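Please consult the sequence and the structure while reading.

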Amino acid sequence: MKKTAKEIWVFGDYRNYFRNRVTLQLLAKSVELAKKTGSQVCAVIFGNGVQEYVNEYIAHGAEKVYVIDHDSLHEYHVETYVVLMEMIVRKYQPEMLLVGATCFGREFAPRVAKRVHTGLTADCVDLEINGDGLLVQTAPAFGGNLLAKIITPHHRPQMATVRAGVFKELPHDYHASGKVIPIPVPKRLPENRVRLIRSKHEPPRTNRIEDAKIVVCGGRGMGSKQKFKKLFALAELLGGEVGATRPVVYSGWADDDSLIGQAGRQIKPLLLLSFGISGAIQHTAALSDAKFIIAVNKNPEAPMMKMADVAIVADANQVCSALIREIRERIRS
Ligand SMILES: Cc1cc2nc3c(=O)[nH]c(=O)nc-3n(C[C@H](O)[C@H](O)[C@H](O)COP(=O)(O)OP(=O)(O)OC[C@H]3O[C@@H](n4cnc5c(N)ncnc54)[C@H](O)[C@@H]3O)c2cc1C
């Protein structure tokens, strides 16, 4: 194994900056890891006109920032970014490289790992350093029923992607300073085989689920993405927000922002309507401040039903549809 620099790198994924805080969360975790390994925390940024993000990452824990700033990098192109990352990993030999498990990170990081011949643990929910100074990467396995602890003893860098919301970002430090290492773009970059025709920003959520008075939360028991959509209709009628469990978010029925639980958001509604949710501790840990809970589940023994003030043993879809119908009728009359 080659000798590596005592550096933990965090890839700067700054797209949709105000919603995507995973880079800041990874910097915070790296500060903690670096104390155990005696390493420097570094951010890596590719793009065009990225100085504000350089400053931001320094204010959130980066001691050094590697920057490739060039107008050809204005858009995210996975092929170009992979080539650049491979180039600088080979040159500087960091001991760890952490990437947010965003849509981009998920396609970018495995390609980098393949090119530099190292392993990658995807979608980690924890990172720690073991007695041998190795990065222990904890990731759910077998549909989330097991937690696998994975190490990369023989190859470098040790690479992981990490979901948003697992770690807490550090507060912005206005007095922080860091070293900036500008890196020139190589003359020959791969030709982009994908042409961006149009892009559209998703409007930021205006209402925060953490502050919502009514939350309609759905789990795997809703059955499908199509059926889950009913919860949005119900939430709209009630003036509430929609929350979801992890299997729902992983299946793409609801977005990452909706995840309620240990790895997601903490809520404190006056009324929580819970549909087809078993009530695993990782989910219910975020519900302790809910004032009144109504749960619908086919299984009366589900922990969520035990926790609820009102437990309705029924099909979640039927109850949801009936509520929507009833509310609409009352609005009309
Ligand atoms: C490290 C770690 C972190 C995690 N963090 C989170 C987190 O932040 N948030 C989170 O939610 N999960 C988290 N999980 C996952 C968590 O352990 C559970 O797996 C998850 O919450 C279960 O989601 P669920 O209730 O939707 O699905 P299931 O557990 O599959 O439950 C589905 C429920 O629906 C009921 N049901 C089925 N069909 C119907 C029907 N037609 N009508 C009514 N009811 C029906 C079933 O009886 C069952 O109770 C985490 C796991 C790990 C290991």
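## Basis of the description

Two residues are taken to be in contact if their C-beta atoms, placed from the backbone, lie within 7 Å. The model discussed here is predicted.

## Two packed helices

Under that criterion, Lys227, Lys230, Leu231, Ala233, Leu234 and Leu237 of helix H5 meet Asn317, Cys320, Ser321, Leu323, Ile324 and Ile327 of helix H9. Sorted by class, this contact comprises eight nonpolar, two polar and two charged residues.

For H5 (residues 225-238) and H9 (residues 316-332), the axes come within 10 Å and cross at roughly 35°. The crossing of H5 and H9 is left-handed.

## Domain organisation

The chain is divided into two parts, domain 1 (5-182) and domain 2 (209-332). The centres of domain 1 and domain 2, taken over C-alpha atoms, are separated by 34 Å. Six residues from domain 1 and five residues from domain 2 take part in the contact. On the side of domain 1 that touches domain 2, three residues are nonpolar, two are polar and one is charged.

## The open sheet

An open sheet is formed by seven strands with parallel pairing, in the order S5-S9-S4-S1-S2-S3-S10. Strand S5 (120-124) and strand S10 (179-182) each have a single partner strand and stand at the edges, so one side of each is left without a neighbour in the sheet. From one strand to the next, the twist averages 20°.

Within the sheet, strand S4 (residues 94-100) is paired with strand S9 (residues 158-162) in the parallel sense, over five bridges. Val99 has Thr161 in S9 as its bridge partner. Helix H1 (residues 22-37) lies across S4 and S9, and also across strand S1 (5-11) and strand S2 (40-47); H1 runs at about 165° to S1.

## A hairpin with a glycine in its loop

Strand S6 (residues 126-129) and strand S7 (residues 135-141) pair in the antiparallel sense, with four bridges. Glu128 stands opposite Val136 of S7. Five residues lie between the strands of this hairpin, in which Gly133 takes a positive phi near 80°.

## Backbone features in the loops

Most residues other than glycine have a negative phi, and most peptide bonds are trans. Gln93 has a positive phi, near 50°, although the residue is not a glycine. Gln93 is placed in the loop between helix H3 (78-92) and S4.

Arg156 and Pro157 are joined by a cis peptide bond with omega of about -5°. Pro157 belongs to the loop between strand S8 (146-150) and S9.

Terms used
Residues numbered from 1 in each chain as written. Predicted model: local features only at pLDDT ≥ 70, side-chain atom pairs only at ≥ 80, totals over all residues. Pairing = 2+ DSSP bridges. Axes fitted to C-alpha atoms, helices over the stretch in contact; angles between N-to-C directions. Domains from an automatic or database assignment. Nonpolar A, V, L, I, M, F, W, Y, C, P; charged D, E, K, R; others polar. Left-handed = near helix turned anticlockwise from the far one by under 90°.
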